[in-house]
Amino acid sequence: MLNKLLPPLKWRFPVLIITSILVGLILFIFYISKAHSYLSDNPATCTNCHIMAPQYATWQHSSHREVAHCNDCHVPHNNVFNKYYFKAKDGLRHATMFTLRMEPQVIFIHEAGQQVVHNNCIRCHEKQITDPKLASSVDSHKAHMQDRPCWECHREIPHGRVNSLSSVPNAQVPLPESPVPDWIKKYVNKN
């Protein structure tokens, strides 16, 4: 069965060379793009793409910084498979837009992301939402909790009124490390 998949004997060496080159290129692209960092929950990963600098900077100055990172809000938490599927799907969309220079000046969250963020707000703040003291003391508490996203009232949380790169022009964010090895940098600086 496996022999049917193998190329003829005279083509095996060229196919091995071409396959090795392709695998090497894929691994190199994986390394250069820091794709492995997207498997983590490190918020600085979001700055690998420069366009997320305002969102990172405003999150750094928010009350959520101490209790939540990007994935706590922007990735589903109902099961591990859905979490990584969503991260992969959203990450590929972001990487494609960034690579093709299609990123917008003003970033808005997509509809699927909005639902995830809303569900995570409810997941973390469920006790405040269902607090009987709030329900009895806040006018129309139950009406405010239905058929509307949380950020309709809490729009400053956690990113403030960030809409574009120009809204936080002097944001100090961690710069992505250069993927160029040190030995190449030294060689280039000598010449």
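I began with the outward side of helix α5, where Phe81, Tyr85, Leu92 and Thr99 are exposed (exposed is over 50% relative accessible area, buried under 20%, partly exposed in between, with a 1.4 Å probe and protein chains only). The model is predicted, so that local features need pLDDT of at least 70 and side-chain atom pairs count only at pLDDT 80 or more, while totals for chains, interfaces and linings use all residues. Residues are numbered from 1 along each chain as its sequence is written, and side-chain values use heavy atoms, with hydrogens and water left out.

I then looked up the buried residues of α5, which are Lys83, Phe86 and Lys87. They cover an arc of only 100° around the axis, and therefore sit on the same side of α5 (the arc is that of the directions from the helix axis to the C-beta atoms). Among what covers these buried residues I noted α4 (70-74) and α6 (111-124).

Next I checked the ends of α5. After α5 comes Arg101, whose phi is positive, near 60°.

Last, I searched for disulfides (pairs of cysteine sulfur atoms within 2.5 Å), and the count came to 0. Cys124 is in no disulfide, the nearest cysteine sulfur being that of Cys73, 6.6 Å away. Cys150 is in none either, with the sulfur of Cys121 the nearest at 4.3 Å. Because its relative accessibility is 21%, Cys150 counts as partly exposed.

Technical notes: Helix = DSSP H or I, 4+ residues; strand = E, 2+ residues; numbered from the N terminus. Contact = heavy atoms within 4.5 Å.
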